[in-house]
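Hi,

Here is the structure I promised to pass on. Have a look at it first, and then read on for my notes.

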2 protein chains.
Amino acid sequence: MGRTNKGTSNRHHAAVNIHDVAKRARVSIATVSRVVNRIPTVDEELAKRVWKAIDEVGYVPNTQARALVSGRSRILGLIVSEITNPFFPELVQEFENLAVAQGYEVMIGPTNYDAARTESLIRRMMQRSVDGVAVMTFGIEEQLVQKLVEQEFPLVFVDAGPDLPNIRVLKVNYGEGIREAVQHLAALGHRRIAFISGPLRMRTAVTRRDAFRKSMGELGLTVPDASIVEGNHTMEGGKAAMEQLLAESGPPTAVICSNDMTAIGVLHALDETKYRVPKDVSVVGFDDIHLAQFMLPPLTTVQMSCKALAMAAVEALRAGIEPGHSKAAKKEWPIPTRLVVRRSTDFPRGTLPALAQAPGGQRGAAVDE
Amino acid sequence: MGRTNKGTSNRHHAAVNIHDVAKRARVSIATVSRVVNRIPTVDEELAKRVWKAIDEVGYVPNTQARALVSGRSRILGLIVSEITNPFFPELVQEFENLAVAQGYEVMIGPTNYDAARTESLIRRMMQRSVDGVAVMTFGIEEQLVQKLVEQEFPLVFVDAGPDLPNIRVLKVNYGEGIREAVQHLAALGHRRIAFISGPLRMRTAVTRRDAFRKSMGELGLTVPDASIVEGNHTMEGGKAAMEQLLAESGPPTAVICSNDMTAIGVLHALDETKYRVPKDVSVVGFDDIHLAQFMLPPLTTVQMSCKALAMAAVEALRAGIEPGHSKAAKKEWPIPTRLVVRRSTDFPRGTLPALAQAPGGQRGAAVDE
DNA sequence: GGGATGTTAGAAAGCGTTTCCCTCATCAGC
DNA sequence: GCTGATGAGGGAAACGCTTTCTAACATCCC
């Protein structure tokens, strides 16, 4: 009963394969394979004939079979912290575009900061035999990626990773952008500048915080312990951190946040108080997600280019996967950051705009166009 | 030169396969396969022995080989409109969780409203021989999915799709939520309510707009043509649409937006004018993305549950893939929507709160907890 | 007790590729 | 003109699994 499956349209029977092409072009399947893979030892005329046959019968190589025999799946793994933080979709988008252009698919997975989940994610990636993995999280416990390291998968990390032959690292220059942010605030007259970090068990969070401390130090500004609060890279965390800051030490005149989501939480927390942004408190974010310019007020933030990050990641992975792709065994790929000034930062109330310039003029860094 | 690959750790040689297990358990590979696939004709004692062997040698079935021979990849395709619209990551997350729990991987791709891109995406999915595809966009040109339909891939659409055996449709009840929104505004005293739609070539956009018209009609409120403006589901589009609304017919007292991103754009546009939200203009979104509650002011919006959408989609796909999974050949899966009231809606200025209740009280629908 | 039936596990045939190995032809060198 | 080198293309063996077919053995009924 039911469908008889006798028709030609059923996908389980319709597939045209390499033999059909070989028959039509009157060559062996080995030659077809060589043509498809652009192996240069095939006579040009013959290749043309094969391409013609491929076109005529509508041949598409079977990915599964290819992967089985070659051991390469042409899938890249991409591990992110959480997919619902808008920074990551932007990164995923860029990464995927580049990967697809190079003939790869992307297998994406969030860790959600959960070890069990991360472990299962990595296991799944290994089971699908990805050709390489980009670990683009805010930090990851090293033991979790141990299996990938052992099996010598090409790997890319952000900020820091084990120093091994096929491991590459994207070095984000946090110092640069954060220094610009601190100098921008200082130039406006701010002295009491607070910092809301990411979860401090994440390496990146520590790095960003230290960059802040260093920049403050360079300007001779002190950073009391109470001015640094730990957030968790979410809006909720930012809101809670700001509330803590207000409760414990009263409002600082400016807050720098470890990412834009935190900054959004801060804006939200301040909206529920008598303090206005930027007149009472200036707020600076980090990442420059697309949303940042649509916040009220539009967010001054440190831009970290997704595109640069994605390009370096794909490039670095290919260097590890495709033999002789990149001659230099480059291990570190620098990623710049820069401040984008919008409207969430201003003179602290009561400060005379003596030393600094009038709003709208040059304010120490790139002004959003 | 270079590494010699003689070590045992290299992943290209280390794989333990079904033969190793068979040898260890002193059975044939056929039996191992049957055990792994839980085919019930295997003697229980024997199965135990095989599981033990599997555990001892650390066997993991090779996905590629499985897919090659069975013709099923255990990958589900998920087509979305754009990955950078926060609604979709939330959906992706839910969908992926469910799919993984059922032993599937997910291959995600955005159309970005671009036909060429969509076509290539679908081609890639077919090449990877996904077991089924969920088309969860705001709408899609039917000819693009034609190939999937022809090849009889199990398919799930939102709102509308061809009426064919293995095509299921998720029917979102837009009317419900939008009616609540209109009634909520009307109860507050609004009469001049505008609507910003999605791009009208998308079927979903038309459906949402019509639901708005209908609800207005039910209350005897007129909808002049100028009160309906076409947006494009982005913040930029929302901003532009609101500016058009202000320029052409002056400010309405309330605006309902086709999605939350549009509403964010509207808030942004109004922030640049003398009109305040909600005192001068009330704004209602659609989707209830996580971000909505962190907007300034927090956004009143119609909630469409990602979780419900994802659950129905995965369930519907499985019904199409796994024979006898769902006995009833259910074709339509209803998805409810409901209004969530936050702080972007209020009495229009100058209206006496006579007929409606005081803010904070019951306001016609669920109040955000 | 013998033939029919039922149950369980092994042998082997694929699935659609890539790639190794070998043949056969061409050609240069002496 | 013969030999050895070179190079293009075909045959066939993997790759690791699922599934059909078949054999072996136990069970049952008359």
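Predicted model: local features only at pLDDT ≥ 70, side-chain atom pairs only at ≥ 80, totals over all residues.

To get you oriented: in which loop of chain A is A:Gln151 found? A:Gln151 sits in the loop between α8 (142-150) and β4 (155-158) of chain A. With 15 C-beta neighbours inside 10 Å, A:Gln151 counts as partly exposed.

**Chain A on its own**

Chain A has 369 residues, of which 48% count as buried. Its secondary structure comes to 13 helices and 13 strands.

As for how the chain connects to itself, take the contacts in chain A between residues at least 6 apart in sequence: 70% of them join residues at least 24 apart.

**The nonpolar core**

The largest nonpolar core has 189 residues. Which residues have the most contacts inside it? They are A:Leu78 and A:Ala313, along with B:Leu78 and B:Ala313. I followed up A:Leu78: leaving aside neighbours within four places in sequence, its contacts are A:Val92, A:Phe95, A:Val106, A:Met107, A:Ile108, A:Ala134 and A:Met136.

**How the two chains go together**

Chain A superposes on chain B by a rotation of 180° with 0.0 Å of shift along the axis, at an RMSD of 0.1 Å. The two copies are thus related as by a two-fold rotation axis. Both copies use the same surface, too: 100% of the contact residues of chain A recur in chain B. If you want to find the axis on screen, go to A:Gln64, which comes closest to it of the residues of chain A, at 2.7 Å (C-alpha).

The contact itself takes 39 residues from chain A and 39 residues from chain B. On the side of chain A that touches chain B, at least two residues each come from α1 (11-14), α5, α6 (87-101), β2, α7 and α12 (260-271) of chain A. By class, that side of chain A divides into 16 nonpolar, 15 polar and 8 charged residues.

**The DNA strands**

There are 27 residues around DNA strand C, and those that come nearest are A:Ile18, A:Ala30, A:Ser33, A:Asn62 and B:Asp43. The surface near DNA strand C has 16 nonpolar, 8 polar and 3 charged residues.

DNA strand D has 27 residues around it, and here A:Asp43, A:Val69, B:Asn17, B:Ile18 and B:Ser33 come nearest. At least two residues each of the surface near DNA strand D come from α3 (29-36) and α5 (63-70) of chain A and from α3 (29-36) and α5 (63-70) of chain B. The residues of that surface divide into 16 nonpolar, 8 polar and 3 charged.

**Backbone details to check before you set anything up**

Which peptide bond of chain A is cis? The one from A:Leu296 to A:Pro297, with omega near -5°. A:Pro297 belongs to the loop between β9 (282-287) and β10 (300-304) of chain A. In chain B, a cis peptide bond joins B:Leu296 and B:Pro297, with omega about -10°. B:Pro297 has its place in the loop between β9 (282-287) and β10 (300-304) of chain B.

Two residues with positive phi are on my list as well:

- A:Arg38 has phi near 55°, a positive value in a residue other than glycine. A:Arg38 is in the loop between α3 and α4 (44-57) of chain A, and is exposed, with 8 other C-beta atoms within 10 Å.
- A:Asn112 is not a glycine either, yet has a positive phi of about 50°. A:Asn112 lies in the loop between β2 (105-110) and α7 (115-127) of chain A, and is partly exposed, with 16 other C-beta atoms within 10 Å.

Cheers

Methods
Residues numbered from 1 in each chain as written. Chains lettered and ligands numbered in written order. Least-squares fit on C-alpha atoms with pLDDT ≥ 70 in both. Contact = placed C-beta atoms within 7 Å. Near = placed C-beta within 6 Å. Helix = DSSP H or I, 4+ residues; strand = E, 2+ residues; numbered from the N terminus. Nonpolar A, V, L, I, M, F, W, Y, C, P; charged D, E, K, R; others polar. Buried ≥ 20, exposed ≤ 12 C-beta atoms within 10 Å, placed from the backbone. Core = buried A, V, L, I, M, F, W, Y, C linked by C-beta atoms within 7 Å.
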